[in-house]
Amino acid sequence: MLLIQKSEGEKMMDKLLKEILSWHCMTGEQIVIGISGHGAYGETELIRRSTRDIVERGVDINYLRQSHDERRIQFEIYMHPYSRHFDIIIKNTDEIICFEKNAFSFGV
């Protein structure tokens, strides 16, 4: 696992995505990338949604929390089991970018 400060992580992600595109154009092969902006237990997602949904859309905070909890359960049931098949897993929060898995060597 590689943790990087947000500003450096964004540069690395740009470089990684360019290298993936170049590799794909040369080989025609595909890779599976999982990118998550949820942070621990989806708190980053909840903060973003609460700012947007409560302020801009007038959503009730209790409804938002219930909806958030249901989305976390859905993630654990439907997405998490497949993550072992992902070639690259990138998670980001407001402060850091975490390259949790990188099965390829693109110089990152």
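# Reading helices, strands and burial

Student: Which helix do the buried residues of α2 pack against?

Tutor: The buried residues of α2 pack against α3 (61-79). The model is predicted, so local features need pLDDT of at least 70 and side-chain atom pairs count only at pLDDT 80 or more, while totals for chains, interfaces and linings use all residues. Residues are numbered from 1 along each chain as its sequence is written, and side-chain values use heavy atoms, with hydrogens and water left out.

Student: How is "buried" decided, and which residues of α2 are buried?

Tutor: Buried means under 20% relative accessible area, exposed over 50%, and partly exposed in between (1.4 Å probe, protein chains only). In α2 the buried residues are T44, E45, L46, R49 and D53. R49 counts as buried because its relative accessibility is 11%.

Student: What does R49 touch?

Tutor: A contact means heavy atoms within 4.5 Å. Not counting residues up to four places away in sequence, R49 touches I54, L64, S67, H68 and R71. Three of these names, L64, S67 and H68, return in the list of buried residues of α3, which also holds R72.

Student: How are the buried residues of α3 arranged around the axis of the helix?

Tutor: The arc is taken from the directions from the helix axis to the C-beta atoms. Down the axis of α3, the buried residues fall within an arc of 145 degrees, so they line one face of the helix. The face turned away from that side carries the exposed residues N62, Y63, I73 and Y78. The cover over the buried residues of α3 includes α2.

Student: What span should one expect for α2 and for α3?

Tutor: Helices (H or I, at least four residues) and strands (E, at least two) are DSSP runs, numbered from the N terminus. The expected span of a helix is 1.5 Å times one less than its number of residues. Helix α2 (residues 43-57) has 15 residues and reaches 20 Å from first to last C-alpha, close to the expected 21 Å.

Student: In what order do the elements of the chain run?

Tutor: The order from the N terminus is β-α-β-α-α-β-β, with 3 helices and 4 strands in the chain. Of its 108 residues, 30% count as buried.

Student: Where does A103 lie, and is it buried or exposed?

Tutor: A103 is in the segment after β4 (96-102). A103 is exposed because its relative accessible area is 51%. In sequence A103 and F86 are 17 residues apart, and their C-alpha atoms are 8.5 Å apart in space.

Student: Where does E29 lie, and what does it touch?

Tutor: E29 is in the loop between α1 (6-27) and β2 (33-36). E29 is partly exposed, at a relative accessible area of 47%. Its contacts, not counting residues up to four places away in sequence, are W23 and H24.
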